[in-house]
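Me: I'm new to this structure and would like to learn how to read it. Could you take me through a few features, one at a time?

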Amino acid sequence: MRKWLPLSAVCLGTFMLLVDVTIVNVALPDMAADLHTSLGALQWVVDGYALALAALLLGIGSLADRIGHRRCYIGGLALFAVASLASGLAPTTSALITARIVQGVGAAAMFATTFALLNSSYTGRDRATAYGMWGAVSGASSAAGPLLGGPLTQGLSWRWIFFVNLPVSAVAIATCLFVLRDAHTRDTRRLDMGGVALFTVAIGSLTFAMIRTNEHGWSDPACWSMLLTGAVFLLAFVIAESRIAEPVLDLALLCNSTFSGVLIAAVLLNFAAYVSFAYTSIWMQSVLRLSPVTAGLVSLPMSVAAFVVSASLGRAMHRWRPGRVISGGILLIGVGDLLAAALVDAWPSWPALLPGFLVVGLGVGFAAPSLSVTGMAAVPPQRGGMAAGAINTARQVGFAFGIALLGSVFTAGTQHALVRKHLPSATSLAHDVAAGQSAQVLHSATPGSRDIIDQAIRAAAAHGIDMLLFVAGLIGVAAALISFLMIRQRPNVEDTPELPPATTSSEERHSANN
């Protein structure tokens with residue numbers, strides 16, 4: 001059992017940081033009441049964490065290659081714990097949002113180094129098992145957020161969704177100090193600060209634009225301004241990285257269809273699998289008026305299925321073609337979304353989500369660990385931080401973009417249904433429903449019209465959820481096809497293939513990747 005302590009330490013951190021992506025969703029109504037603010041103002045409690053995580057992963061991953069993956073991981077755990085304490089004690093909305101952004105920085109330091117630490121700690125079949133168990137934990141964690149957040153919020157307080165991180169962090173740090181090691185030579189090259197800055201601004205701008213679009217709609221000029229800024233900085237990043245000898249991201253890797261396919265699959269997997277939780281949680285608590293516990297339990301089938309499949313898959317994954325495993329898993333995610341959409345359309349209540357979420361969980365269980373193994377096999381161990389940063393950045397960008405795009409679908413579907421019922425101010429009412437403010441709408445309505453408005457909101461919100469799940473399902477099916485066509489290389493977890501040393505020229509690296 002001692003040999004699995006490094007895996008336990010890595011999985012503890014991974015579990016915490018991924019749970020905290022979604023655990024806040026079920027607690028937002030209680031936060032709003034306690035802090036005397038609106039759900040709209042609290043949206044940045046969710047989005048600030050996601051923004052920091054998405055924008056900093058690649059840069060911190062490259063830094064970790066130089067200062068050591070173990071040191072970076074432990075530092076991230078400590079920062080995450082301090083920020084969790086600050087979040088739980090936050091007296092105001094602004095203090096809570098600030099603490100969540102700092103928490104995202106600590107999460108990025110952990111997430112960017114997990115794969116490299118597993119590679120340092122295990123070889124052969126043990127590495128395959130470690131990847132399988134890590135995939136099980138990561139696949140189940142995001143789904144487990146609402147499941148854990150509900151009882152903590154309802155039984156204790158929303159503040160305990162942050163306080164619970166403290167003992168877990170303490171155990172993880174103590175374990176890391178004794179069992180984790182950096183087995184590979186650190187990258188001694190100069191850190192490409194210009195590339196890190198360009199990429200961080202690009203991803204940060206694009207993510208911020210997507211978040212703002214979800215709040216203000218696509219007609220907001222500031223959204224398009226931030227999108228343009230992000231696109232310009234992303235282009236500048238690509239140009240800069242192609243002209244320097246020591247880039248933060250080796251663009252030659254993108255010529256490898258397998259690595260590029262993994263990045264695309266990572267974006268679309270999170271988009272199709274996890275984004276729906278944010279809006280089904282709003283639907284269940286705000287419109288259907290379920291308790292946080294009941295709303296959280298809806299994610300149980302997905303969480304259990306993802307964990308069981310990933311844990312069982314671990315030892316066998318290196319013998320299967322990754323394209324088939326990843327594409328098959330993402331196809332299951334798409335089918336699960338489409339199944340949930342069909343059932344919600346026929347039966348607009350929360351039990352209609354359960355069969356579809358179960359199928360989504362099976363798909364996550366297949367795709368998540370294989371995705372990680374295949375991506376890491378494309379780079380040498382000493383560049384593990386870079387690869388992990390790229391893969392995990394892709395996943396978080398998919399989540400952030402999905403929140404904005406599927407939020408627009410949910411609002412548009414709800415608005416369309418309200419217009420058909422000839423309700424006045426259908427556009428503003430749809431935005432209120434999407435923001436979780438159905439109770440406030442009903443409270444402000446005249447007593448004689450409340451029942452009519454309530455029934456209209458219930459029908460319209462169910463239609464919005466139906467459309468959201470349908471679009472997510474189509475994205476999943478498309479992602480499965482892309483993965484099948486692009487991911488060809490069979491990952492060998494027993495002996496990670498080496499790229500040329502970091503000191504070789506970009507031309508030599510390009511040749512090796514092809």
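**Reading helices, contacts and burial**

Reply: Let's start with one residue. Setting aside neighbours within four places in sequence, Thr 14 is in contact with Tyr 73, Thr 114, Trp 134, Ser 138 and Ser 141. Bear in mind that this is a predicted model.

Me: Where does Thr 14 sit, and is Thr 14 buried or exposed?

Reply: Look up the element, then the accessible area. Thr 14 belongs to helix α1. Its relative accessible area is 0%, so Thr 14 is buried.

Me: And the chain as a whole: how many helices and strands does the secondary structure come to?

Reply: Count the elements along the chain. There are 22 helices and zero strands. The chain has 514 residues, and 61% of them count as buried. Its accessible surface comes to about 18600 Å², with 67% of that belonging to carbon and sulfur atoms.

Me: Which residues of α1 and α6 meet?

Reply: On the α1 side you'll find Pro 6, Leu 7, Val 10 and Thr 14, and on the α6 side Thr 114, Leu 117, Leu 118 and Ser 121. Sorted by class, this contact of α1 with α6 has five nonpolar, three polar and no charged residues.

Me: What about α4 and α6: at what angle do they cross?

Reply: Helix α4 (residues 69–89) and helix α6 (residues 114–121) have axes that come within 10 Å and cross at roughly 130 degrees. That makes α4 oblique to α6. The handedness is a separate reading: α4 passes α6 in a left-handed crossing.

Me: Which residues of α4 and α6 meet?

Reply: His 69, Arg 70 and Tyr 73 of α4 meet Thr 114, Ala 116 and Leu 117 of α6. This contact of α4 with α6 divides into three nonpolar, two polar and one charged.

Me: How do the axes of α4 and α9 cross?

Reply: Helix α9 spans residues 165–179, and its axis comes within 9 Å of that of α4, at a crossing of roughly 165 degrees. The two helices are therefore roughly antiparallel to each other. Their crossing is left-handed. Among the residues making the contact are Tyr 73, Leu 77 and Phe 80 of α4, along with Leu 166, Ser 169 and Ile 173 of α9. By class, the contact of α4 with α9 has twelve nonpolar, three polar and one charged.

Me: Can we try some single residues again? Where is Leu 288 found, and which residues is Leu 288 in contact with?

Reply: Not every residue to look at is in a helix. Leu 288 is in the loop between α13 and α14. Its relative accessible area of 16% is under the 20% cut-off, so Leu 288 is buried. Leaving aside neighbours within four places in sequence, Leu 288 contacts Trp 283, Ser 349, Trp 350 and Arg 458. Leu 288 and Arg 458 are 170 residues apart in sequence, yet 7.3 Å apart in space, C-alpha to C-alpha.

Me: And Thr 280: buried or exposed?

Reply: Thr 280, in helix α13 (residues 276–287), counts as buried at 1% relative accessibility. Beyond neighbours within four places in sequence, Thr 280 is in contact with Leu 353, Phe 357 and Ile 465.

Me: Which category does Ile 482 fall into, with its relative accessible area of 29%?

Reply: Partly exposed is the label for values in between buried and exposed, and that is where Ile 482 falls. Ile 482 lies in helix α21 (residues 450–486). Not counting residues up to four places away in sequence, Ile 482 touches Ile 264 and Leu 268. The C-alpha atoms of Ile 482 and Gly 261 are separated by 7.2 Å, although the two are 221 residues apart along the chain.

Notes
Residues are numbered from 1 along each chain as its sequence is written. This is a predicted model: local features need pLDDT of at least 70, side-chain atom pairs count only at pLDDT 80 or more; totals for chains, interfaces and linings use all residues. Side-chain values use heavy atoms; hydrogens and water are left out. Axes are lines fitted to C-alpha atoms, for helices over the stretch in contact, and angles run from 0 to 180 degrees between N-to-C directions. Helices (H or I, at least four residues) and strands (E, at least two) are DSSP runs, numbered from the N terminus. Angles under 35 degrees count as roughly parallel, over 145 as roughly antiparallel, 65 to 115 as roughly perpendicular and the rest as oblique. A crossing is left-handed if the near helix is turned anticlockwise from the far one by less than a right angle, and right-handed if clockwise. Contact means heavy atoms within 4.5 Å. Ala, Val, Leu, Ile, Met, Phe, Trp, Tyr, Cys and Pro count as nonpolar, Asp, Glu, Lys and Arg as charged, and the others, Gly among them, as polar. Buried means under 20% relative accessible area, exposed over 50%, partly exposed in between (1.4 Å probe, protein chains only). Accessible areas come from the Shrake-Rupley method with a 1.4 Å probe; for residues, only the protein chains shown count as cover.
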